[in-house]
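Thanks for asking me to look this over.

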Amino acid sequence: MKRERLIDNIENLKAMMPSFVLEYYRSKSAVPYALTTLYEYLKEYHRFFTWMMAADITQVSNMQAISLKTLENLTKSDLETYILYLRERPRLNATTTKYGVSQSTINRTLSALSSLYKYLTEEVEDENGEPYFYRNVMKKVSTQKKKETLASRAEHIKNKLFLGNETQGFLDFIETEYEKALSNRAKSSFFKNKERDLAIIALILASGIRLSETVNIDLDDLNMNTFVVEVMRKGGKQDSVNIAGFAKPYLGNYLAIRNSRYCPIQQEKALFLTIYKAKANRIDNSSIEKIVGKYSKVFKVRVTPHKLRHTLATRLYAETNSQVLVSNQLGHASTQVTDLYTHIVNDEQKNALDKL
């Protein structure tokens, strides 16, 4: 979704929201939360409030009029009824009728509501410096995690990683091979953004930063001398991330043409730019997802930017055998999340042994 359209959609949703949601939005924008995250949360609130009015949990006819008292008095039973509604309601598509949303969608719904309730019951301050209310019903609602062992997850994703020589092979493919199958018209578009696309992919493969972190990098955040990039991690934490040296020529090539190709007139602070309506703008999440997807699909298998992050983490663990170093590189608060990479590397070692 283009950034301008995303902002328009956010503004349309904000116009329907109660004042306390607007306060929540302003607070999380200051963290900052990614625009895409805030947009998804606003959509969840809109769906929830619409259901509340349809279920006569509140007697208002306009969701802007939903009160804090209504949220304070919601029961665990109310929330469970809403979850059942999401799980069982008909969902129409072009060919068949399906029922309910996925468990991962329900988990996202509950995450959005939990974030709002935490803000209202713990983080916000009224004129007396107190939260708006103290009863957080979301603490009584359980989420169902997808049941899957780390070994199973490793098995599912290992074929979507570009390990070993494949990392450089992927970059070489984009640089020299991808264009060979393109039409003349497609080649024009490819050459226009080739340096930028290679720089984005190389940076993620060489640093393991998240998609949202990549999008939000400003030009001044990248230090080509120390080869470190400053990013805003989840929770608003500033972090300095080291970049593997193989990405340097790709970032250097992009920086050499960035101003003349994307912003010859106006100054833009975003590192990665795209042209929209003849003006340079910060590239958005969906554009990077499409960039990674189109190249990786032709090279091996279509992957997401997150799989490039997994690739860096797995390669770094294979080199260091240190979950602490991997956690620090990825910006994780603990090593628990990096347990996955030990299983992927173990599988790689097993495969190597089988070939002896």
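1. Is Thr109 buried or exposed? At 2% relative accessibility, Thr109 counts as buried, where buried means under 20% relative accessible area, exposed over 50%, and partly exposed in between (1.4 Å probe, protein chains only). Before going further, please note that this is a predicted model, in which local features need pLDDT of at least 70 and side-chain atom pairs count only at pLDDT 80 or more, while totals for chains, interfaces and linings use all residues. Residues are numbered from 1 along each chain as its sequence is written, and side-chain values use heavy atoms, with hydrogens and water left out.

2. Let us stay with Thr109 for a moment. This residue lies in helix α6, residues 103-123; helices (H or I, at least four residues) and strands (E, at least two) are DSSP runs, numbered from the N terminus. The side chain of Thr109 has two partners to look at: a polar contact of 2.9 Å joins it to the side chain of Glu44, and another, of 3.3 Å, links it to the side chain of Arg47. A polar contact here is a pair of N or O atoms within 3.5 Å; within protein, one must be able to donate a hydrogen and the other to accept it, and residues adjacent in sequence count only if both atoms are side-chain atoms. Not counting residues up to four places away in sequence, Thr109 touches Glu44, Arg47, Tyr82 and Leu86, with contact meaning heavy atoms within 4.5 Å.

3. Now the chain as a whole. It has 15 helices and seven strands, and 43% of its 356 residues are buried. Among contacts with a separation of 6 or more, 61% are between residues 24 or more positions apart. The accessible surface comes to about 18800 Å², and carbon and sulfur atoms hold 49% of it; these areas come from the Shrake-Rupley method with a 1.4 Å probe, and for residues only the protein chains shown count as cover.

4. Where is Arg233? It sits in the loop between β4 (228-232) and β5 (238-242). Arg233 counts as buried because its relative accessible area is 5%. Its side chain reaches the backbone oxygen of Gln329 at 2.8 Å. Leaving aside neighbours within four places in sequence, Arg233 is in contact with residues including Glu213, Asp239, Arg309, Asn328 and Gln329.

5. Next, Gln64, in the loop between α3 (35-54) and α4 (68-73). Gln64 counts as partly exposed because its relative accessibility is 42%. A polar atom of the Gln64 side chain lies 2.7 Å from the backbone oxygen of Ala15. Apart from residues up to four places away in sequence, Gln64 touches Ala15, Met16, Met17 and Pro18. Gln64 and Val21 are 43 residues apart in sequence, with their C-alpha atoms 9.4 Å apart in space.

6. Two residues are worth checking for backbone geometry. Most residues other than glycine have a negative phi. Asp56, although not a glycine, has a positive phi of about 60 degrees; it is placed in the loop between α3 and α4, and is exposed at 54% relative accessible area. Asn321, also not a glycine, has a positive phi of about 55 degrees. Asn321 is found in the loop between α13 (305-320) and α14 (323-330) and is exposed, with a relative accessible area of 53%.

7. Another loop residue is Ser142, between α6 and α7 (150-157). At 65% relative accessibility, Ser142 is exposed. Ser142 and Glu80 are 62 residues apart in sequence, and 9.4 Å separates their C-alpha atoms in space.

8. Of its 15 lining residues, the closest to its centre are Arg196, Ser287, Lys290, Ile291 and Lys294. Two elements give two or more residues to this lining, α9 (184-207) and α12 (285-299), and α9 provides the largest share, six residues. On a 1 Å grid over the protein atoms alone, a pocket is an open set of points where a 1.4 Å probe fits, with protein on both sides within 12 Å along at least five of seven lines, and lining residues have an atom within 4 Å of a point.
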